[in-house]
Amino acid sequence: MDKFYVQSGSFRCVVQADDSRKAALWAVHQVMGQILPIDGDEPTGSESADGNEASKPVAVLGGRVKVSRRGYDRDDAGEMPTMDVVADWNQMVTTLDRLQRMMYRAA
């Protein structure tokens with residue numbers, strides 16, 4: 001696996017992945033996990049369970065996801081529309097949810 005620098009909007013992370021598309025998917029997963037419960041977890045956004053503001057700000061995605069093997073803010077970074085990556089992420093999460101429900105019905 002290679003190391004990728006992924007950035008979009010206010011979000012930046014370093015990811016190990018097989019390719020740049022998978023690195024972008026992981027980044028979107030991290031950001032979406034701030035606001036949506038994934039795998040039964042509570043969202044990790046800027047508001048705690050008691051309604052008080054937490055210290056970590058919520059990351060916001062921009063219109064494009066940039067992925068590079070060399071660092072942030074590179075002119076040679078690959079770019080993809082954020083909505084395309086979010087659509088792929090949504091399809092993946094929906095499929096995993098269906099599989100999980102099928103497993104519980106079979107048990």
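Start by selecting Y5: this tyrosine is buried, with a relative accessible area of 17% (buried means under 20% relative accessible area, exposed over 50%, partly exposed in between, using a 1.4 Å probe and protein chains only). What you have open is a predicted model, where local features need pLDDT of at least 70, side-chain atom pairs count only at pLDDT 80 or more, and totals for chains, interfaces and linings use all residues. Residues are numbered from 1 along each chain as its sequence is written, and side-chain values use heavy atoms, with hydrogens and water left out.

Y5 and Y72 form an edge-to-face aromatic pair, 5.3 Å centre to centre with 80 degrees between the planes. (Rings of Phe, Tyr and Trp, the last by its six-membered ring, pair if their centres lie within 6.5 Å; planes under 30 degrees apart are stacked, over 60 edge-to-face and the rest tilted.) A search of the whole structure finds 1 aromatic pair. Y5 sits in strand β1 and Y72 in the loop between β3 and β4 (78-81), so the pair ties together parts that are 67 residues apart in sequence.

Zoom out and colour by secondary structure. The chain has 2 helices and 4 strands, in the order β-β-α-β-β-α. (These are DSSP runs numbered from the N terminus: helices are H or I with at least four residues, strands are E with at least two.)

Next, the largest nonpolar core. Pick V6, A23, V65, V67 and V85, the residues with the most contacts inside this set of 20. (A nonpolar core is a set of buried Ala, Val, Leu, Ile, Met, Phe, Trp, Tyr and Cys residues joined through side-chain atoms within 4.5 Å.) Two or more residues come from each of β1 (2-8), β2 (11-17), α1 (20-32), β3 (64-68) and α2 (82-106), and α1 gives the most, with 7.

Stay on V65. Leaving aside neighbours within four places in sequence, V65 is in contact with V6, Q7, S8, A24, G78, E79, M80, T82 and V85 (contact means heavy atoms within 4.5 Å).

Last stop: show α1 and α2 together. Their axes are 9 Å apart and they pack at about 80 degrees. (Axes are lines fitted to C-alpha atoms, for helices over the stretch in contact, and angles run from 0 to 180 degrees between N-to-C directions.) Select R21, A24, L25, V28, H29 and M32 on α1, then D84, V85, V86, D88 and W89 on α2, to see the contact.
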